[in-house]
Amino acid sequence: MTVNQPVVAMMMAMDRNRLIGNNGQMPWHIPGELAYFKAVTMGKPIVMGRKTFESIGRPLPGRTNIVVTRNADWSADGVLVALGLEQALAMAAEVEQDTAEPELMIIGGAALCSDAMPQTQRLYLTTVDNAYEGDTWLESFHWDDWQVVSEDVRDPATTGGLPVTYWVLDKA
């Protein structure tokens, strides 16, 4: 039996200027965004940096949580620790998934996303058509590198008044 190699996928949200964070938090609150995140990532291994894990504050249930850190002494209950991106991807590829096309999900932060962008094959991207104040951008993302698989424009009445689009993009 051949084991399918999982698709390396990333899930991110950004504003029109590619802003993704402010002081370790998301600069906006979008009703439904957490439900969408949960639906896309449930049952899949998720890979995140230590600061992202600490901003969440706990392992996310129903998913294998892999935290990337350079600190070999760091640990947290309920997570696997990887000392680099390659180790994290190898660990995530070992997680058994009961799907025809398994995915592993990179969920942040910016440095990890930048490192992983060349290997990322699919991007679940939420765009907020607004500009926010913040300190962290998804500088490694460029529209020209991607082709649109799907585009779901949400009515601002359902997203707290924010103009939001959920994209699924595959590497061009």
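Reader: How many bridges join strand 3 to strand 4?
Author: There are 4, and strand 3 (residues 46-49) and strand 4 (residues 65-68) run parallel. Strands are DSSP runs of E of at least two residues, helices runs of H or I of at least four, numbered from the N terminus; two strands pair if DSSP finds at least two bridges between them. This is a predicted model: local features need pLDDT of at least 70, side-chain atom pairs count only at pLDDT 80 or more, and totals for chains, interfaces and linings use all residues. Residues are numbered from 1 along each chain as its sequence is written, and side-chain values use heavy atoms, with hydrogens and water left out.

Reader: What's the bridge partner of glycine 49 in strand 4?
Author: Valine 68. Between strand 3 and strand 4 the chain passes through helix 2 (residues 50-56), and this β-α-β crossover is right-handed (with the strands pointing away from the viewer, the path from the first strand over the helix to the second runs clockwise).

Reader: And which way do the residues of strand 3 point?
Author: Ile46 and Met48 point one way, Val47 and Gly49 the other, and all are buried (under 20% relative accessible area; exposed is over 50%, partly exposed in between, with a 1.4 Å probe and protein chains only).

Reader: What stands opposite isoleucine 46 in strand 6?
Author: Methionine 105. Strand 6 (residues 103-108) pairs with strand 3 in the parallel sense, over 3 bridges.

Reader: New topic. Which residues of helix 3 are buried?
Author: In helix 3 (residues 85-94) they are Leu85, Ala88, Leu89, Ala92 and Ala93. Seen down the helix axis, they fall within an arc of 135°, so they line one face of helix 3 (the arc is that of the directions from the axis to the C-beta atoms).

Reader: What does the face turned away carry?
Author: The exposed residues Glu86 and Glu94.

Reader: How many aromatic pairs are there?
Author: The structure holds 5. Rings of Phe, Tyr and Trp (its six-membered ring) pair if their centres lie within 6.5 Å; planes under 30 degrees apart count as stacked, over 60 as edge-to-face and the rest as tilted. Tyrosine 36 and tyrosine 166 have ring centres 4.2 Å apart and planes at 35°, so this pair is tilted.

Reader: Are those two tyrosines buried or exposed?
Author: Both tyrosine 36 and tyrosine 166 are buried.
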